[in-house]
Amino acid sequence: MHDWSFGWSKAKTAYGDCNENKKLIRLSKVLAPKLSDDAINDTIRHEIAHARVGVVQGHNVLWKMEAVKCGASPQRLGPPSPIRGKHVLQCVNCGLLYYRHRAVKKVLACGKCCKKYNSGFYHPDYKLMSV
């Protein structure tokens, strides 16, 4: 791993990422200040495990074994991002709010309502509208 680099990202939803092509592991400079030192250490080790087995492995058993070897918690996700997106969408059916960091350019529907009332498939009755 001596030929890998470390960097910072502007991510608001991912604490860290691993780019195999660029041989680059990054932490979010937006989210890192909100994490404990232990959580930052775990995130770095998590990404090192990705680098060692290859990003294509995702969070499968091989990656989990490597994460444990690296001293990382073999979990796919950390805590939810504490930063809410500025673009707010609301389900016309149940009123559930969805926060997005980027403007939504396509028609979306409420996953909760689509699963409950339409076998998980899109239906315009459960469309999300900008608030």
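Q: Before we start, what does "buried" mean here?
A: A residue is buried when its relative accessible area is under 20%, and exposed when that area is over 50%. The values come from a predicted model.

Q: Fine. Is Cys91 buried or exposed, then?
A: Cys91 has a relative accessibility of 3%, so this residue counts as buried.

Q: And Cys113, buried or exposed?
A: Cys113 is buried, at a relative accessible area of 2%.

Q: How many disulfides are there in the whole structure?
A: A search of the whole structure gives 0 disulfides.

Q: Changing topic: which residues of helix α2 are buried?
A: Helix α2 spans residues 61-70, and Trp63, Glu66, Ala67 and Cys70 are buried in it. These four lie on the same side of α2, because they cover an arc of only 105° around the axis.

Q: Why would residues a few places apart point the same way?
A: An α-helix has 3.6 residues a turn, so residues three or four places apart point the same way.

Q: What is exposed on the other side of α2?
A: Val61, Val68 and Lys69 are exposed there.

Q: And what covers the buried residues of α2?
A: The cover includes helix α1, residues 37-53.

Q: What about the ends of α2? Which residue caps the N-terminal one?
A: Asn60 is the cap: one of its side-chain oxygens is 3.1 Å from the backbone nitrogen of Leu62. Just after the helix, Gly71 has a positive phi of about 85°.

Q: On to the sheet. What is its strand order?
A: The order is β1-β3-β2, in an open sheet of 3 strands with mixed pairing. Strands β1 (5-9) and β2 (16-19) form the edges, each pairing on one side only. From one strand to the next, the twist averages 25°.

Q: How many bridges join β2 to β3?
A: There are 4 bridges between β2 and β3 (residues 24-28), and the two strands run antiparallel.

Q: Which residue in β3 is the bridge partner of Asp17?
A: Asp17 has Arg26 as its bridge partner in β3.

Technical notes: Residues are numbered from 1 along each chain as its sequence is written. This is a predicted model: local features need pLDDT of at least 70, side-chain atom pairs count only at pLDDT 80 or more; totals for chains, interfaces and linings use all residues. Side-chain values use heavy atoms; hydrogens and water are left out. Two strands pair if DSSP finds at least two bridges between them. Axes are lines fitted to C-alpha atoms, for helices over the stretch in contact, and angles run from 0 to 180 degrees between N-to-C directions. A disulfide is a pair of cysteine sulfur atoms within 2.5 Å. Buried means under 20% relative accessible area, exposed over 50%, partly exposed in between (1.4 Å probe, protein chains only). The arc is that of the directions from the helix axis to the C-beta atoms. Contact means heavy atoms within 4.5 Å. A polar contact is a pair of N or O atoms within 3.5 Å; within protein, one must be able to donate a hydrogen and the other to accept it, and residues adjacent in sequence count only if both atoms are side-chain atoms.
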